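Please look at the sequence and the structure below before reading on.

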Amino acid sequence: VQLQASGGGLVQAGESLRLSCAASRSIFSINVMGWYRQAPGKEREMVAAVVRGKNPSYAESVKGRFSISRDNAKNTVYLQMNSLKPEDTAVYYCNLEGKKSSWSSLSMYWGQGTQVTVSS
């Protein structure tokens, strides 16, 4: 299973970015899709996640500014980031929990990461 993330870049504080992450068609089912980020010198943290059929959850630091959505037909998850702040600067990783086949167990998969840099 491969995850391809895109949409990162360099923006100024207050601007917006939209990240996308598409899972390969080899995935049988997806339970959770989400985004994590890791800033230099810090641990990786969950930014937003959405369980199939349930409301999304967000880190406190991004509530009201970021919005996660998923397109189940396309196996794609999006992260709309508004009112970006310099402290949002990090490498953003998409993540999913799913099954490769009907008889396989749930596994976690990670994308390659996309850099988001917010200048002040």
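The points that follow treat the sheet and its strands, the nonpolar core, the disulfide and the salt bridges.

The model is predicted: local features need pLDDT of at least 70, side-chain atom pairs count only at pLDDT 80 or more, and totals for chains, interfaces and linings use all residues. Residues are numbered from 1 along each chain as its sequence is written, and side-chain values use heavy atoms, with hydrogens and water left out.

**Sheet and strands**

- Strands are DSSP runs of E with at least two residues, numbered from the N terminus.
- Strands of a sheet pair through backbone hydrogen bonds, either parallel or antiparallel.
- Two strands are taken to pair if DSSP finds at least two bridges between them.
- Four strands form an open sheet in the order β1-β3-β8-β7, with antiparallel pairing.
- At the edges of this sheet are β1 and β7, each of which pairs on one side only.
- On average, neighbouring strands of the sheet are turned by 15 degrees against each other, direction ignored; for such angles, axes are lines fitted to C-alpha atoms, and the angles run from 0 to 180 degrees between N-to-C directions.
- The antiparallel strands β3 and β8 are joined by six bridges, and Arg18 has Gln80 in β8 as its bridge partner.
- Four bridges join β1 to β3, again in an antiparallel arrangement; here Ala5 has Cys21 in β3 as its bridge partner.
- Five of the seven residues of β3 are buried, so this strand is largely enclosed by the rest of the structure. Buried means under 20% relative accessible area, exposed means over 50%, and partly exposed lies in between (1.4 Å probe, protein chains only).

**Strand β11 and its partners**

- Strand β2 (residues 9-12) pairs with β11 in the parallel sense over four bridges, and Gly9 stands opposite Val116 in β11.
- Strand β9 pairs with β11 in the antiparallel sense over three bridges, and Ala90 also stands opposite Val116.
- In a regular strand the side chains alternate between the two faces of the sheet.

**Nonpolar core**

- A nonpolar core is a set of buried Ala, Val, Leu, Ile, Met, Phe, Trp, Tyr and Cys residues joined through side-chain atoms within 4.5 Å.
- The largest nonpolar core has 30 residues, of which Trp35, Val47, Phe66, Leu79, Met81, Tyr92 and Leu96 touch the most other members.
- At least two residues of this core come from each of β1 (3-6), β3 (17-23), β4 (29-38), β5 (45-51), β7 (66-71), β8 (76-81), β9 (90-99) and β11 (114-119).
- Apart from neighbours within four places in sequence, the contacts of Met81 are Glu15, Ser16, Leu17, Leu19, Arg65, Phe66, Tyr92 and Val116; contact means heavy atoms within 4.5 Å.

**Disulfide**

- A disulfide is a covalent bond between the sulfur atoms of two cysteines; it is identified here as a pair of cysteine sulfur atoms within 2.5 Å.
- The structure has one disulfide, which joins Cys21 to Cys94 with an S to S distance of 2.0 Å.
- Because Cys21 lies in strand β3 and Cys94 in strand β9, the pair ties together parts that are 73 residues apart in sequence.
- The link of Cys21 and Cys94 is right-handed, with 50 degrees about the S-S bond.
- Cys21 is buried at 1% relative accessible area, and Cys94 is buried at 0%.

**Salt bridges**

- Side chains of opposite charge can pair when their charged atoms come close.
- A salt bridge is a side-chain nitrogen of Lys or Arg within 4 Å of a carboxyl oxygen of Asp or Glu, and four are found in the whole structure.
- Arg37 forms a salt bridge with Glu45, with the closest N and O atoms 2.7 Å apart. Arg37 is buried at 6% relative accessible area, whereas Glu45 is partly exposed at 34%.
- Arg37 also meets Asp88 in a salt bridge (3.0 Å, N to O). This pair links distant parts of the chain, with Asp88 in the loop between β8 and β9 and Arg37 in strand β4, 51 residues apart. Asp88 is buried, at 1% relative accessibility.
- Lys63 forms a salt bridge with Glu60, the closest N and O atoms being 2.7 Å apart. Lys63 is partly exposed at 44% relative accessible area, and Glu60 is exposed at 64%.
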